[in-house]
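This briefing concerns a structure with its sequence, shown below.

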Amino acid sequence: MAEKVAVEKKVLSENDKLAAEIRAQLKKHAVASLNFVSSPGSGKTSLLEKTLEALRNELKIALIAGDVQTENDANRLTRAGGTLVRPLVTGGACHLDARMIARVLPEFELASLDVLFLENVGNLVCPSSYDLGEDMKVVLISTTEGDDKPLKYPGMFRRSSVMVINKIDLLEFTDFDMEAVKRNALQINGRLKIFELSCRTGEGLQAWFDWLRDFVKTQKNS
Amino acid sequence: MHELSIASSIIETVTREIQEKKLDAVQAVGLRIGELSGILPDALEFGFDALKSDTPLAQAELVIEIVPVTAVCSECKHEFKVEEFVFICPQCQSSAVETYSGQELEIAWLETESPHRKIDETEI
């Protein structure tokens, strides 16, 4: 005779516990935190490069750059003026998890920081399952991708607070339907804050910088 | 493809559960997986079967219950099933809706051979 035993446990309860500890630590030191997610090649590293260059004199920024195999992204970001760039090579894993962040967090002097950027591995599925203790997720897509990306990866767009549409300078060469992508994304998540920009030409970046500066200030004072 | 690490977390959690509750051989693991969880059941079963040998779950099967996405409207409090991931209240058209279910990734139950409790000698 078989017998059923109730368990009722989250599979990722260990991850969630660690994420809650990370969140509490960041809150304690008033450090805002954003988790950047996208497909490979949407421009996470480019957006972070531009952001570090623009805001490094105003904000004390630290960055954990997840990469499956190389430290290339971290090297690029260090050149962009991120003095506190920590590469995190996942060795094949398709996402960052809270354990990886908890392991490297002690390397930062949190009390002196304003904001922590977490650059996730390029993937719109797996990182959505793992809370890293961040304040919010920023999802990027670019105009060279399909405008049905939000419909294909609803979990990620539902869990994100900001959507950045990059490479708008290439819009005229693609069949990307800007209105459709915004409609699709807002259908999944009506609260998404949307930015349209080009890291290459700089168009639209100022609005992103302004929003980010305000967000960090709000988090600091909360 | 993070189902392999999810499968590994399941095996870790259930193994701890077996030790804590002193359970006999587990025959089945009941999972609740939300449609919005980003988990592919087939890939999860594949990963679980690949990892389970040499663990206390070597004989276990996964029994997966898919949980549909539902939401509650923050404006008019209407509860509704979310079709095609459209998070808009069908009653008042508001997009201020909270996800109620569909993000689950939970171990609901274990099925063991009866009696499931081994006699603990320290209790005698």
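The model is predicted. Chain A and chain B bury about 3000 Å² between them, 51% of it on carbon and sulfur atoms. The contact draws 39 residues from chain B and 28 residues from chain A.

**Composition of the interface**

- Between chain B and chain A there are 19 residue pairs in polar contact, both residues being at pLDDT 80 or more.
- On the side of chain B that touches chain A, the elements giving two or more residues are α1 (3–21), β5 (97–101) and β6 (105–113) of chain B.
- The residues on that side of chain B comprise 17 nonpolar, 13 polar and 9 charged.

**Salt bridges**

- Over all chains, the count comes to 21 salt bridges, and the count between chain B and chain A is 4.
- One of the salt bridges joins the side chains of B:Arg32 and A:Glu8, at 2.5 Å from N to O. This pair crosses between chains, with B:Arg32 in strand β1 (residues 26–34) of chain B and A:Glu8 in strand β1 of chain A.
- Another pairs A:Glu14 with B:Arg16, where the closest N and O atoms are 3.9 Å apart. A:Glu14 belongs to helix α1 (residues 13–28) of chain A and B:Arg16 to helix α1 of chain B, so this pair joins two chains.
- The side chains of B:Glu98 and A:Arg191 also meet in a salt bridge, with an N to O distance of 2.9 Å.

**Strand pairing between the chains**

- Strand β1 (residues 2–10) of chain A pairs with β6(B) in the antiparallel sense, over 7 bridges.
- Within this pairing, A:Glu3 has B:Thr112 in β6(B) as its bridge partner.

**Strand pairing within chain B**

- Strand β3 (residues 70–73) and strand β4 (residues 79–81) of chain B pair in the antiparallel sense over 3 bridges. The bridge partner of B:Thr70 in β4(B) is B:Lys81.
- These two strands, β3(B) and β4(B), form a hairpin with 5 residues between them. In the turn, B:Lys77 has a positive phi of about 65°.
- β3(B) also pairs with β5(B), in the antiparallel sense and over 4 bridges. In β5(B), B:Ser101 stands opposite B:Thr70.

**Aromatic pairs**

- Over all chains, the structure holds 6 aromatic pairs.
- In one of them, the ring centres of A:Phe36 and A:Trp208 are 6.1 Å apart and the planes lie at 80°, so the pair is edge-to-face.
- A:Phe36 is in strand β2 (residues 32–38) of chain A and A:Trp208 in helix α8 (residues 205–221) of chain A, so the pair ties together parts that are 172 residues apart in sequence.

How values were computed. Residues numbered from 1 in each chain as written. Chains lettered and ligands numbered in written order. Predicted model: local features only at pLDDT ≥ 70, side-chain atom pairs only at ≥ 80, totals over all residues. Heavy atoms only, no water. Contact = heavy atoms within 4.5 Å. Buried area = accessible area lost by both parts, 1.4 Å probe. Polar contact = N/O pair within 3.5 Å; in protein donor to acceptor, adjacent residues only side chain to side chain. Nonpolar A, V, L, I, M, F, W, Y, C, P; charged D, E, K, R; others polar. Pairing = 2+ DSSP bridges. Phe/Tyr/Trp six-rings, centres within 6.5 Å; stacked < 30°, edge-to-face > 60°.
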